[in-house]
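Colleague: I've got a model open and would like to go through it with you. Can we start with the annotations and then look at the packing?

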Amino acid sequence: MSIAVSGPIVLVGAGNMGGAMLAGWLKSGVRGSDVLVIDPGPSPAMAKLLADSGVQHATSAPAGGKAGAIFLAVKPQVMETVLPPLKGLVGPQTVIVSVAAGKTLGFIERHLGEAATVRAMPNTPAMIGRGVTGAFANARVSEAQRALVHDLLKVSGPVEWVGSEADIDAVTAVSGSGPAYVFYLVECMAEAGRKAGLEADLAMRLARETVAGAGELLHQSPDDAARLRQNVTSPGGTTAAALAVLMADDGMQPLFDRAIAAARKRAEELAG
């Protein structure tokens with residue numbers, strides 16, 4: 001990946017999500033020397049990656065110099081402490097990207113000043129390059145900065161830009177938290193299989209591989225989810241019998257409506 005940036009790409013936090021982004025950047029061709037990781041205690045595996053790839057490492061924000069981009073990949077609860085020392089890295093050409101859930105652009109601005117800032121919400125499949133990220137850019141983000149951020153985020157999967165910061169709360173509810181819903185679906189299918197007479201381990205293997213395979217088919221197929229569902233469903237067959245329950249007025253859709261609404265409300269509460 002060829003990048004045009006006025007200073008180093010600073011990654012604050014090299015845990016699961018930050019580490020996944022860094023690995024993606026390096027794999028896509030970003031030079032290690034163009035990246036500075038700020039993390040007081042990287043894991044042994046991360047420390048080895050930093051050393052092997054020539055990535056600069058600091059335990060705290062260095063004095064002097066401005067960053068081209070700053071990626072905030074730390075837990076929301078430590079943002080209050082982490083942000084103030086970073087202010088010296090922010091210059092007129094710096095773009096800030098936060099992947100911390102529940103922290104608004106206003107919160108970041110209070111600590112780092114008025115700057116080009118993007119609020120992004122990836123999900124955990126980003127750790128294997130199969131995530132999806134929702135992103136919102138404030139009015140100070142230039143087209144060139146947006147393109148840079150897009151390129152750096154897309155190493156983890158597709159990037160979807162939304163029209164308002166409030167939409168990030170809905171993104172959080174649908175895709176940010178979404179992997180947990182799918183994992184719970186596997187649990188429910190497996191438990192229903194056990195109750196139908198299968199050994200518990202067998203039921204879990206069947207459910208797990210079914211969901212993983214269906215997801216891969218959805219990923220590779222040009223057809224939408226409704227068409228793929230219809231392709232499996234024979235009139236009067238077993239799938240139709242199950243879907244009659246799942247698609248009833250009191251079935252999955254109203255359940256998901258309530259779940260997504262609850263997640264969005266909680267995201268709004270966390271954002272203050």
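Colleague: Which residues does UniProt give for the feature "domain: Pyrroline-5-carboxylate reductase catalytic N-terminal"?
Modeller: The UniProt record, an unreviewed entry, places that feature at residues 9-102. Keep in mind that this is a predicted model.

Colleague: What is the helix and strand content over residues 9-102?
Modeller: That stretch is 29% helix and 20% strand. Its end C-alpha atoms are 23 Å apart.

Colleague: OK, the sheet. What's the strand order?
Modeller: The order is β3-β2-β1-β4-β5-β6-β7-β8, in an open sheet of 8 strands with mixed pairing.

Colleague: Which strands stand at the edges?
Modeller: β3 (56-58) and β8 (159-161). Each has a single partner strand, so one side of each is left without a neighbour in the sheet.

Colleague: And by how many degrees are neighbouring strands turned against each other?
Modeller: On average by 20 degrees, direction ignored.

Colleague: How many bridges join β1 to β4?
Modeller: There are 4 bridges between β1 (residues 9-12) and β4 (residues 69-72), and the two strands run parallel. Within that pair, Val 10 of β1 stands opposite Ile 70 in β4.

Colleague: Which strands does helix α1 touch?
Modeller: α1 (residues 16-28) packs on the sheet and touches β1, β2 (35-38) and β4. The direction of α1 makes about 155 degrees with that of β1.

Colleague: Switching to helix pairs. At what angle do α1 and α2 pack?
Modeller: About 25 degrees, with the axes 12 Å apart; α2 is residues 44-53. Angles under 35 degrees count as roughly parallel, which makes α1 roughly parallel to α2. Their crossing is left-handed.

Colleague: Which residues meet there?
Modeller: From α1, Gly 19, Leu 22 and Leu 26; from α2, Met 46, Leu 49, Leu 50 and Ser 53. By class, that contact has 5 nonpolar, 2 polar and no charged residues.

Colleague: Moving on along the chain. What does UniProt annotate at residues 165-270?
Modeller: The record has "domain: Pyrroline-5-carboxylate reductase dimerisation" there, again from an unreviewed entry. The span is 81% helix and 0% strand, and its end C-alpha atoms lie 14 Å apart.

Colleague: How do the axes of α6 and α7 cross?
Modeller: At roughly 30 degrees, coming within 5 Å; α6 is residues 166-176. The two helices are therefore roughly parallel to each other. Ala 173, Val 174, Ser 175 and Gly 176 of α6 make the contact with Gly 178, Pro 179 and Tyr 181 of α7. The classes there are 4 nonpolar, 3 polar and no charged residues.

Colleague: And α7 against α8, what's the angle?
Modeller: About 140 degrees, with axes 8 Å apart, for α7 (residues 178-195) and α8 (residues 200-220).

Colleague: Why does that pair count as oblique?
Modeller: Roughly antiparallel needs an angle over 145 degrees. At about 140 degrees, α7 and α8 are therefore oblique to each other. α7 passes α8 in a right-handed crossing.

Colleague: How many charged residues are in the contact of α7 with α8?
Modeller: There are 3 charged, with 10 nonpolar and 2 polar. Glu 187 and Arg 194 in α7 are among the residues that meet α8, and Arg 208 is one of those on the α8 side. The α7 side also includes Val 182, Leu 185 and Met 189, while α8 brings residues including Ala 203, Met 204 and Val 211.

Key: Residues numbered from 1 in each chain as written. Predicted model: local features only at pLDDT ≥ 70, side-chain atom pairs only at ≥ 80, totals over all residues. Heavy atoms only, no water. Pairing = 2+ DSSP bridges. Axes fitted to C-alpha atoms, helices over the stretch in contact; angles between N-to-C directions. Contact = heavy atoms within 4.5 Å. Parallel < 35°, antiparallel > 145°, perpendicular 65-115°, else oblique. Left-handed = near helix turned anticlockwise from the far one by under 90°. Nonpolar A, V, L, I, M, F, W, Y, C, P; charged D, E, K, R; others polar. UniProt positions renumbered as here; feature names shortened; annotations may be inferred.
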